Amino acid sequence: MTDTVPGPSDRPGTVTSGRKKLTRRQEFERRQKRRSATIAATSTAIVVGALVIFVPLTPGWDKVRKSFFDGELFNDSFPRLLEAFVKNLQIFAWSTPFILVIGMLLAIFRNVRTPALFPLRLFAAAYTDVFRGVPVILTILLIGFGVPGLGLDRPYNSPYLWGSVALVLAYSAYVAEVFRAGIESVHESQRAGARSLGLSSTQTMRHVIVPQAIRRVIPPLMNDMVSLQKDVALVSLIGPIEILRQAGIDKSKFANFTPYVAAAVIFLVLTIPETRFVDWLSARERRRTSGTAVR
Amino acid sequence: MIPKLQLIDVRKSFGSRVVLDGVSIDIADREVVAFVGASGSGKSTLLRCVNLLEPIDDGQVVVDDVDISVPGLPVDPIRRRIGMVFQSFNLFPHMNVLKNLSLAPRKVLGVSRSEAENTARELLERLGLGDRADAFPDQLSGGQQQRVAIARSLAMSPEILLLDEITSALDPELVGEVLDVVRELKGGGMTMLIVTHEMAFAREIADRVCFLHQGQIAEVAPPDKFFSAPENDRTRQFLQRVIESGRF
């Protein structure tokens, strides 16, 4: 970038600053940057200061604070919630591999061109249409209550099992669409290059198209995984004591919403870094594929 | 003697647009034929039809006296005998040079990994790319990428090589290194069909030059005759335009 390349020292218009000579452009950019930083810091300080001073002065703030931000209650229920959150992580952890594998299979099925395998293609299309079109919560209720309700014996009537199955069904449909978009984004010339070497269409898919597709869809895929992590909480509706249900229990016990806020904090601690990471990945991918950014 | 490759009345349309309107030519073993003509004259489509990337509508593509264009014939075993190099290289960006070269020999011919990589290294050495085996395509110059693409085709030991405007996407100063490789291949006796806009190169390397006009062969002649005493009016007009544009 410009700020790492010192300009030729004998050029007219260069300004001496510190130990390195900066070009006029670099001098200007440095001033500009300093100015922007000062303005941003000042305006942020003013806004935050105003919030801290004026919000507690609003009528009813005491009530709000007691109902949502009760420190004692927060400390009391936090460890219980954290313990319950392990359940969420477990459900997330064992669902994810199934989602990725099934999603990829569905995406490949949808690209199958062999007439004999047309039923697979049809099935994949119908599957993604159905499970993408139905709210996740409905799938969870249907599978989570419905299947154990058929009179299955233990352990096959576990709500953990069927809750996870419901999540896998719904999310593999989303992930299949992501993979499909990735597969279709690989340029036709790659297929031509591979086929001209004598690779079969299956080999071309396996060694040339899919590896490139996966690389491209990692950012949107991570996005879906962050959503999944939150949607695991929906399984609470069919019984398992995970974090949301534990928070509900505590909320009812103390008639106070602080446990919900505590649960939200636990989610945020995980999801905010994750989404930032995804943003960073996407930005990197954009930089890599679209050349220089225009200011 | 049986020609290496025969095109017999090859026809190809995209929708209502006729691209190849009955092309016939015999190409001998070890012969190099350059195809020239205006954009849209069907040159590139002709090459894609030869290795069946485009199925032809009618006519025959015959290799070693065997019709390879019979509809329904498995195409993969045929393609491995006919190499193709593209204008835009079409290297696999997620693999390094060595993998680009060894993928098809390993997966299609069942060659062992070590053997495929040895062959690949020898080829790279021959093409002056011995030190780039571990590089990824994006880390190479256009000329190097195109030489890697040629090496990738050669790794399958093709009997016929199709070169589709292989220097069109290159900066002028990089064209030479790629053409050097083609010269070397001709020295080695490779049968080649070359689509090109480099008239000087066509004149130098081709045994015959073939002028395509509106999906038909308007004229085929040895280069000296083709460029100095063309018989066809269309050829004359074409060469006139090429000379005026300063490209020859």
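Student: Which side chain meets that of Arg81(B) in a salt bridge of 3.3 Å, N to O?

Tutor: This is a predicted model, in which local features need pLDDT of at least 70 and side-chain atom pairs count only at pLDDT 80 or more, while totals for chains, interfaces and linings use all residues. Residues are numbered from 1 along each chain as its sequence is written, chains are lettered from A and ligands numbered from 1 in the order written, and side-chain values use heavy atoms, without hydrogens and water. A salt bridge needs a side-chain nitrogen of Lys or Arg within 4 Å of a carboxyl oxygen of Asp or Glu. At 3.3 Å, N to O, the partner of Arg81(B) is Asp64(B).

Student: How many residues apart in sequence are the parts tied together by Arg81(B) and Asp64(B)?

Tutor: Helices (H or I, at least four residues) and strands (E, at least two) are DSSP runs, numbered from the N terminus. Arg81(B) lies in the loop between helix H2 (76-79) and strand E6 (82-85) of chain B, and Asp64(B) in the loop between E4 and E5 of chain B, so the separation of the parts they tie together is 17 residues.

Student: Which residue of chain B forms a salt bridge with Arg81(B) with closest N and O atoms 2.9 Å apart?

Tutor: Arg81(B) has a partner whose closest O atom is 2.9 Å from its N. This partner sits in the loop between helix H5 (142-154) and strand E7 (160-164) of chain B, 78 residues from Arg81(B). The partner is Glu159(B).

Student: Is Lys4(B), which pairs with Asp64(B), buried or exposed?

Tutor: The two side chains meet in a salt bridge (3.1 Å, N to O). Lys4(B) lies in the segment before strand E1 (5-14) of chain B and Asp64(B) between strands E4 (58-63) and E5 (66-67), so the pair ties together parts 60 residues apart in sequence. Buried means under 20% relative accessible area, exposed over 50%, partly exposed in between (1.4 Å probe, protein chains only). Asp64(B) is partly exposed at 36%, whereas Lys4(B), at 9%, is buried.

Student: What is the volume of the largest cavity?

Tutor: On a 1 Å grid over the protein atoms alone, a cavity is a set of points where a 1.4 Å probe fits but cannot get out, a pocket is an open set with protein on both sides within 12 Å along at least five of seven lines, and lining residues have an atom within 4 Å of a point. Points are joined across faces, edges and corners, and a volume is the space filled by probe spheres set on them. The search of the whole structure finds one cavity of 30 Å³ or more. Its lining includes Leu163(B), Glu165(B) and Phe201(B), and its volume is about 50 Å³.

Student: Which helix gives the most to the lining of the second largest pocket?

Tutor: This pocket has a volume of about 600 Å³ and is lined by 17 residues, with Asn111(A), Val112(A), Arg191(A), Ser201(A) and Met205(A) nearest its centre. Helices H3 (71-110), H6 (159-185), H7 (188-196) and H8 (201-231) of chain A each give two or more residues. With four residues, the helix that gives the most is H8(A).

Student: What is the relative accessible area of Phe257(A)?

Tutor: Phe257(A) lies in the loop between helix H9 (243-254) and helix H10 (258-290) of chain A. Phe257(A) is partly exposed, and its relative accessible area is 35%.
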